[in-house]
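I opened this notebook to keep track of what I looked up in the structure, entry by entry. The sequence and the coordinates come before my notes.

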Amino acid sequence: MTDFKELVKLRRSHRQFDGNEIDADDLKTIIRAGLMSPTSKGQRGWHFIVVDDKEDINKLADAKDMGSQFLKGAPLAIVVLGDAMRNDCWVEDGSIAAISMQYQAEELGLGTCWIQMRGRGLSDGMDADSIIRGILGIPDNYSVLCVLAVGRKADERKPQNEDKLKWENVHINKF
């Protein structure tokens, strides 16, 4: 098992996958990490939709103009949702859950990439949220934060370079 310090160094975004399915136990472990993530006031108001249907994954990849086409090569997508009327911290809570799932996937040797959907869409003015809601039958009160592409890594990424950490961006007590 990799310690967290090493895991943080190793976790990189992967946009190429080998196409093999994700083991059901690995998927359960990834979702468990999201379900265990901390939330504002313990509300746990996020929802996750696990998508393994290839046709739906392809449609999700087309929900915005740029930065999502690689999803078509992933065997699995996890859509992260929240209800703004129920929880004013839904974006933060969903973000914490998403990154928790990404670190868990990395520990399992899987690759992931966050695909931003909130505030994104197509050049014709159609927003990604509405498109995804239609594809997956999401009720109107929920909003889509992101889609995580998940799969077995088909690309090689070097670990984070500690020499490039921007320590100058860290301030103590005052800016």
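**Entry on Met36.** I began with Met36, which I found in the loop between H2 and E1, where helices (H or I, at least four residues) and strands (E, at least two) are DSSP runs, numbered from the N terminus. Met36 counts as exposed at 52% relative accessibility; the classes I use are buried for under 20% relative accessible area, exposed for over 50%, and partly exposed in between, with a 1.4 Å probe and protein chains only. I then took the C-alpha to C-alpha distance from Met36 to Asn58, which came to 29 Å for a pair 22 residues apart in sequence.

**Entry on the ground rules.** This is a predicted model, so I note that local features need pLDDT of at least 70 and side-chain atom pairs count only at pLDDT 80 or more, while totals for chains, interfaces and linings use all residues. Residues are numbered from 1 along each chain as its sequence is written, and side-chain values use heavy atoms, with hydrogens and water left out.

**Entry on the whole chain.** I looked up the secondary structure and found 5 helices and 4 strands, which follow the pattern α-α-β-α-β-α-β-α-β when read along the sequence. The C-alpha trace spans about 45 × 40 × 35 Å along its principal axes. For 175 residues a compact globule would have a radius of gyration near 16 Å, and the 17 Å of the chain agrees with this; the radius is taken over C-alpha atoms, and the globule rule is 2.2 Å times the number of residues to the power 0.38. Buried residues make up 41% of the 175 residues. Of the contacts (heavy atoms within 4.5 Å) with a separation of 6 or more, 77% are between residues 24 or more positions apart.

**Entry on the loop between H2 and E1.** I returned to this loop for two further residues. Lys41 is found there and counts as exposed at 75% relative accessibility; its C-alpha lies 9.5 Å from that of Cys89, although the two are 48 residues apart in sequence. Arg44 is in the loop between H2 and strand E1 (47-51) as well, and it is partly exposed, with a relative accessible area of 43%. What I noted for the backbone of Arg44 is a positive phi of about 45 degrees, although it is not a glycine.

**Entry on Asn173.** I found another positive phi, near 70 degrees, at Asn173, again in a residue other than glycine. Asn173 lies in the segment after strand E4 (143-152) and counts as exposed at 80% relative accessibility.

Asp18 has its place in the loop between H1 and helix H2 (24-35) and is partly exposed, with a relative accessible area of 39%. Leaving aside neighbours within four places in sequence, I find Asp18 in contact with Arg152 and Ala154; the C-alpha atoms of Asp18 and Ala154 are 5.0 Å apart, across 136 residues of sequence. Val91 is in helix H4 (residues 90-107) and touches Arg118 and Leu145, not counting residues up to four places away in sequence. From Val91 to Leu35 I read 15 Å, C-alpha to C-alpha, for a separation of 56 residues.

Cys89 is in no disulfide, and the nearest cysteine sulfur to its own is that of Cys146, 16 Å away. Cys89 is partly exposed, with a relative accessible area of 22%, whereas Cys146 is buried, at 0%. The sulfur of Cys146 has its closest cysteine sulfur in Cys113, 10 Å away, and this is too far for a bond.

**Entry on the largest pocket.** A pocket here is an open set of points on a 1 Å grid over the protein atoms alone, where a 1.4 Å probe fits, with protein on both sides within 12 Å along at least five of seven lines; lining residues have an atom within 4 Å of a point. The largest pocket holds about 160 Å³ of space, the volume being the space filled by probe spheres set on the points. Its lining consists of Lys5, Val8, Lys9, Arg11, Tyr103, Gln160, Glu162 and Leu165, and helix H1 (residues 4-10) gives the largest share, 3 residues.

Conventions
A disulfide is a pair of cysteine sulfur atoms within 2.5 Å.
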